[in-house]
Amino acid sequence: MRRMSLKIFNTLGRKKQEFKPIKKGQVSMYTCGPTVYKDAHIGNLRAYLAEDILRRTLEYNGYKVKQVMNITDVGHLVSDADTGEDKVEKEAKKTGKTAKEITRFYAKQFLEGLRKLNIEMPEKFAWASLYIKEQIRLIQKLEKKGYTYTTADGVYFDTAKFKSYGRLGGSGLAGRRVSRVAHSREKKRETDFALWKFSLGEKRQQEWKSPWGVGYPGWHIECSAISSTELGQPFDIHTGGEDHIAIHHNDEIAQSEAAYGKPLAHYWFHNAFMMVNGVKMAKSAGNFYTLSDLEKQGVEPMAFRYLAISGHYRQKLNFSKSALEGAANSLNKLRAVFVEKTTGGKVCQLREKRFLAALNDDLNMPRALAVVWELLKSKKSLADKQATLLEFDRILGFGLKDYKSSAIPAEIKKLAAEREKARQAKDWKKADKIRSVSAAKGYIIQDTKTGPRIVRG
């Protein structure tokens with residue numbers, strides 16, 4: 001049943017395409033990682049969960065995946081127009097800490113978040129500051145080929161020289177120019193981007209000598225240098241959030257293809273934003289939540305994993321307390337199947353085939369989860385349900401195999417008792433609310449003929 005035809009939406013062609021790897025049975029995948037100056041919020045984490053489902057699906061189909069993720073610890077300015085402070089340097093000044101202390105702390109937080117969400121780790125985390133020589137060499141190659149120009153504040157890529165600039169996502173950015181050039185430091189056109197920025201007399205914590213002067217690399221060049229070093233060019237799949245399409249990923253394509261004369265990646269995989277009340281979740285908007293925020297409210301990370309992967313990765317997902325409670329409730333219903341351990345079950349081949357077919361149709365998780373719930377409602381034996389769910393969990397990543405029920409806290413028992421009173425009084429609204437509160441705390445209250453049953457989430 002393995003190695004079925006997998007189709008994914010390729011942003012480059014703007015359509016679903018059958019996946020064909022460069023090397024038979026192997027997949028090279030580059031993932032745009034975090035800029036480690038603040039905690040990643042759950043909208044950021046949705047991207048890594050979408051990429052986790054992609055990787056797990058590739059592995060489920062029998063492919064061996066080599067994934068590399070960058071860690072941006074230098075060069076990411078507060079503005080996409082290559083202006084303003086470096087985000088890491090700015091945070092270091094604000095807190096009185098060193099840039100290294102800032103980046104190591106938030107990188108550690110990020111990795112802990114990945115572990116809590118059971119996201120498979122890449123083969124390599126590549127720190128931008130450890131690839132300075134590679135970035136300089138790539139800029140020199142572009143300079144030699146005539147794709148660069150130098151201003152008073154840095155070395156820029158001339159997008160007018162790269163005729164297909166902006167083709168990713170159909171952004172149509174090629175040739176756009178700024179309306180006015182005020183002084184020599186400004187770039188020639190708004191689409192041109194920094195490859196190397198000069199320190200300009202300001203002593204930075206992170207700066208290096210280069211053929212053009214003391215400074216630091218632009219944000220985009222790190223990904224091209226790291227991916228070509230670790231995966232070669234071209235590689236199979238480049239992943240990231242949809243906010244990277246217009247600028248960051250088009251810039252990567254331009255500099256990489258200009259330097260090497262061949263495609264950067266064959267497939268471009270992008271997930272949609274997470275929203276809050278119809279507005280994109282973002283640090284700048286102040287409407288974001290971190291994984292720690294959810295945990296402080298008694299919500300376990302696995303409930304968020306369920307919520308994040310329950311929608312299609314290319315559709316915007318609205319975050320709300322009720323949606324999170326519903327996800328926790330659903331997760332605990334799955335776990336309830338494993339309260340009593342069994343052996344000797346057989347995987348339901350028909351449902352596995354339908355589950356995999358949904359995944360191979362551009363990672364259609366809503367359809368895949370529908371197969372999961374059909375299984376739970378079926379008349380299959382408990383042993384067969386468990387065996388099939390464990391197979392599905394290779395993709396879902398809920399850790400069902402290691403699930404163990406434990407002692408129920410007095411607080412939860414009290415909630416169950418209150419809910420039972422509400423049910424007897426036919427106060428269904430109150431009963432539902434209590435069950436949602438319990439589910440958010442990691443416990444599901446089940447109704448049985450002998451009274452309420454509490455299952456640990």
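**Reading a predicted fold, feature by feature**

Mentor: Let's start with a contact: a salt bridge joins the side chains of K116 and E295, at 2.9 Å from N to O. This is a predicted model, where local features need pLDDT of at least 70 and side-chain atom pairs count only at pLDDT 80 or more, while totals for chains, interfaces and linings use all residues. Residues are numbered from 1 along each chain as its sequence is written, and side-chain values use heavy atoms, with hydrogens and water left out.

Trainee: What counts as a salt bridge?

Mentor: Side chains of opposite charge can pair when their charged atoms come close. The cut-off here is a Lys or Arg side-chain nitrogen within 4 Å of a carboxyl oxygen of Asp or Glu. Across the whole structure, the search turns up 29 of them.

Trainee: Which parts of the chain does the K116 and E295 pair link?

Mentor: Distant ones: K116 sits in helix α3 and E295 in helix α7 (residues 291–296), 179 residues apart. Helices (H or I, at least four residues) and strands (E, at least two) are DSSP runs, numbered from the N terminus.

Trainee: Which residues make the contact of α2 with α3?

Mentor: V88, E91, A92 and T95 on α2, and A99, I102, T103 and Y106 on α3, with contact meaning heavy atoms within 4.5 Å.

Trainee: And at what angle do α1 and α8 pack?

Mentor: About 70°, with the axes of α1 and helix α8 (residues 301–310) 9 Å apart, so they are roughly perpendicular too. I42, L45, R46, L49, D52, I53 and R56 of α1 meet F304, R305, A308 and I309 of α8. That contact splits into seven nonpolar, no polar and four charged residues (Asp, Glu, Lys and Arg are charged; Ala, Val, Leu, Ile, Met, Phe, Trp, Tyr, Cys and Pro are nonpolar; the others, Gly among them, are polar).

Trainee: Which residue has a positive phi although it is not a glycine?

Mentor: D362, with phi about 60°. D362 belongs to the loop between α10 (349–359) and α11 (365–377).

How values were computed. Axes fitted to C-alpha atoms, helices over the stretch in contact; angles between N-to-C directions. Parallel < 35°, antiparallel > 145°, perpendicular 65-115°, else oblique.
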